[in-house]
Each structure stands twice: as C-alpha cells, then as structure tokens.
Amino acid sequence: MRVSGKVALVTGGSRGIGRAIVETLAREGAKVAFVYKGSQEAANALASEQTAQGREVIAIQGDVASTEDSDRIVAEVVAKWGRLDILVNNAGIIKDGLLATMERPDWQAVIDTNLTGVYNFCHAAVRQMMGQRYGRIINMSSVAAEFGNQGQVNYAASKGGIQGLTRCLATEIGRRNITVNAVAPGFIETDMTQAVRNAAESKIKDGVPLKRLGKPEDIANAVLFLASDEASYVTGVTLTVDGGLTLGGF
C-alpha cells in the first residue's frame with residue numbers, strides 16, 4: 001500500500017472529490033482525518049463506512065476559514081496519532097457572478113474559504129512537518145486559475161493564488177524533506193459542477209479530447225501519487241487533471 005502507516009488530513013472531505021481522496025488514502029493504508037463544515041450526516045456516514053472496513057478514519061467539524069479551527073484540528077490529529085504526514089487542502093466553494101454585479105460578501109467568502117483556508121492549514125501543519133523532517137502538502141487548485149471563465153473572478157483568483165502559494169512554500173520548506181504541490185481538476189462530476197453540467201455538459205465534453213467528464217477518483221489518484229514516495233522528487237508543480245480540456249478550450 002502506497003501510503004501505509006502515514007497520517008493524513010483532508011479538508012472538505014465529506015463529499016465529492018474530498019470523499020474520494022479520503023477513501024483512496026485510507027484504502028492505501030493511511031490513517032485519515034477529514035474536515036467537514038456542515039454535512040454532518042455525510043461525514044459520519046463516510047467515517048462509519050471506512051471504520052467498518054477496518055480503516056482508521058475520523059471526521060472533525062470545523063471551518064477552514066477560521067484560524068482557531070485549523071490550529072485546533074491539526075493539534076487534534078497530532079495528539080491522536082503522533083504526527084501529520086499528508087495534508088490535502090481540498091475544501092472549496094463557488095459563488096459565481098459577473099464582477100460588475102458581484103457583492104463583496106460573495107468575493108470574500110470564496111477567498112476566505114478557498115485561499116485563506118489553504119494558508120490556515122499550511123500554517124498550522126508546517127511546523128509539525130518541519131520537526132518530523134517529512135511531509136506532503138497537496139493543494140486543490142483548478143483549471144479556472146488559467147482558463148478565464150466568465151463569472152468566476154473570485155473563484156479564479158482564489159485558485160490562482162493557491163498555485164502561487166504552492167510554488168513559494170515549496171521553496172521555503174523543501175530542505176526539510178517536505179513537498180508542496182497542487183492539483184488542478186477540470187470538469188469533474190460532483191455536486192459543485194452540477195449546474196454547469198446541466199447547462200452545457202455536451203459542449204464541455206466536445207471540448208475535452210478524452211470526450212468525457214472526470215470522476216472524483218481521477219483526482220484522488222493524482223493526489224495519491226503526490227502523497228506517495230513515488231513523487232518524492234516532485235515539488236512546486238501544479239498537476240492538471242482535465243482530460244486535455246486546457247489544450248484547446250471549447
């Protein structure tokens with residue numbers, strides 16, 4: 001198993017891509033804690049399902065935009081398992097709208113969750129990883145960071161910021177045997193993309209060379225690679241997982 005004995009923390013882990021990441025890391029031998037904000041029923045169900053299969057998985061409620069919550073959650077994981085090897089910053093939200101009519105709260109909410117949430121958990125985890133002289137940090141970006149979709153200035157700004165944060169942090173802590181990478185999904189079949197898929201799924205598929213939408217497992221497998229020792233010489237990069245969408249657009 002590729003991450004056997006490792007301790008992982010996944011934010012936004014109760015549904016969609018996050019759920020697939022939790023399941024994949026646990027299946028591959030990691031002890032996994034995942035953060036959820038409001039989906040308590042889904043979170044408890046996931047933890048129970050994994051525990052029933054003999055895997056060590058726990059759910060922790062918290063808001064990634066809160067410094068207090070991020071510090072508390074990282075401390076709780078370290079107290080339970082003695083270390084933290086893998087951090088996956090997956091939590092994210094969308095509040096789309098054209099800039100001319102976008103309300104300030106919609107801008108701020110996306111930045112606070114998607115970008116500041118990554119800062120919060122990296123900040124809380126880095127000292128532990130530095131002390132261990134080992135760590136794998138994987139941040140969830142998006143092809144929206146470079147694609148230029150109308151109505152996504154807040155989302156694109158947050159995801160572009162994640163890529164910049166990833167590159168800079170990789171240079172700061174690489175000497176401590178900690179890698180920092182990002183994954184940029186394309187159109188993935190999740191609740192978050194349902195509205196877009198309802199409006200333009202056939203058009204999206206036409207623009208994807210592989211002629212299909214991605215599955216959450218496609219992203220989880222990319223995260224698993226970056227979390228494993230197979231990627232020990234990979235740091236500061238953004239791995240695009242989009243079926244070729246950004247090769248030509250649509």
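R133 is partly exposed, with a relative accessible area of 48%, where buried means under 20%, exposed over 50% and partly exposed in between, computed with a 1.4 Å probe on the protein chains only. The structure is a predicted model, in which local features need pLDDT of at least 70 and side-chain atom pairs count only at pLDDT 80 or more, while totals for chains, interfaces and linings use all residues. Residues are numbered from 1 along each chain as its sequence is written, and side-chain values use heavy atoms, with hydrogens and water left out.

R133 has a positive phi of about 60° although this residue is not a glycine, and R133 sits in the loop between helix 4 and strand 5. Helices (H or I, at least four residues) and strands (E, at least two) are DSSP runs, numbered from the N terminus. Another residue that is not a glycine, N177, has a positive phi of about 65°; N177 belongs to the loop between helix 6 and strand 6 and is partly exposed, with a relative accessible area of 38%. As background, most residues other than glycine have a negative phi.

## The annotated region and its sites

The UniProt record, an unreviewed entry, places the feature "domain: Ketoreductase" at residues 6-186; its positions are given in the numbering used here, with feature names shortened, and such annotations may be inferred rather than shown by experiment. This span is 52% helix and 19% strand, and its end C-alpha atoms lie 28 Å apart.

Y155 is buried, at a relative accessible area of 11%. Apart from neighbours within four places in sequence, Y155 is in contact (heavy atoms within 4.5 Å) with I93, I94, V110, N114, S142 and A144.

## The annotated binding residues

According to the unreviewed UniProt entry, the annotation "binding site" covers G12, G13, S14, R15, N90, Y155, A156, A157, S158, K159 and I188. These residues are spread over 177 residues of sequence, and they are also spread in space, with up to 24.6 Å between C-alpha atoms. Of these residues, N90 is included in the lining of the largest cavity, a cavity being a set of points on a 1 Å grid over the protein atoms alone where a 1.4 Å probe fits but cannot get out, and lining residues having an atom within 4 Å of a point.

G12 lies in the loop between strand 1 (7-11) and helix 1, and counts as partly exposed at 25% relative accessibility. Not counting residues up to four places away in sequence, G12 touches G18, V35, N90 and A91. N90 itself is placed in the loop between strand 4 and helix 4 and counts as buried at 11% relative accessibility; with neighbours within four places in sequence left aside, its contacts are V10, T11, G12, I17, G18, I21 and M140.

F121, a residue of helix 4, counts as buried at 0% relative accessibility. Beyond residues up to four places away in sequence, F121 touches L9, T11, V35, V64, S70, I73, V74, L87 and N89. F121 and S66 are 55 residues apart in sequence, yet 9.5 Å apart in space from C-alpha to C-alpha.

The second largest pocket, where a pocket is an open set of grid points with protein on both sides within 12 Å along at least five of seven lines, holds about 200 Å³ of space; points are joined across faces, edges and corners, and a volume is the space filled by probe spheres set on them. Its lining consists of Y119, C122, H123, A124, V126, R127, L165, L169 and E172. Helix 4 (104-132) and helix 6 (153-173) each supply at least two residues of this lining, with helix 4 giving the most, at six residues. By class, the lining has six nonpolar, one polar and two charged residues, where Ala, Val, Leu, Ile, Met, Phe, Trp, Tyr, Cys and Pro count as nonpolar, Asp, Glu, Lys and Arg as charged, and the others, Gly among them, as polar.

## Helix 8 and what covers it

In helix 8, the residues P216, I219, A220, A222, V223, L224, L226 and A227 are buried. Their cover includes helix 1 (16-27), strand 4 (86-89), strand 5 (135-140), strand 6 (178-185) and strand 7 (238-241).
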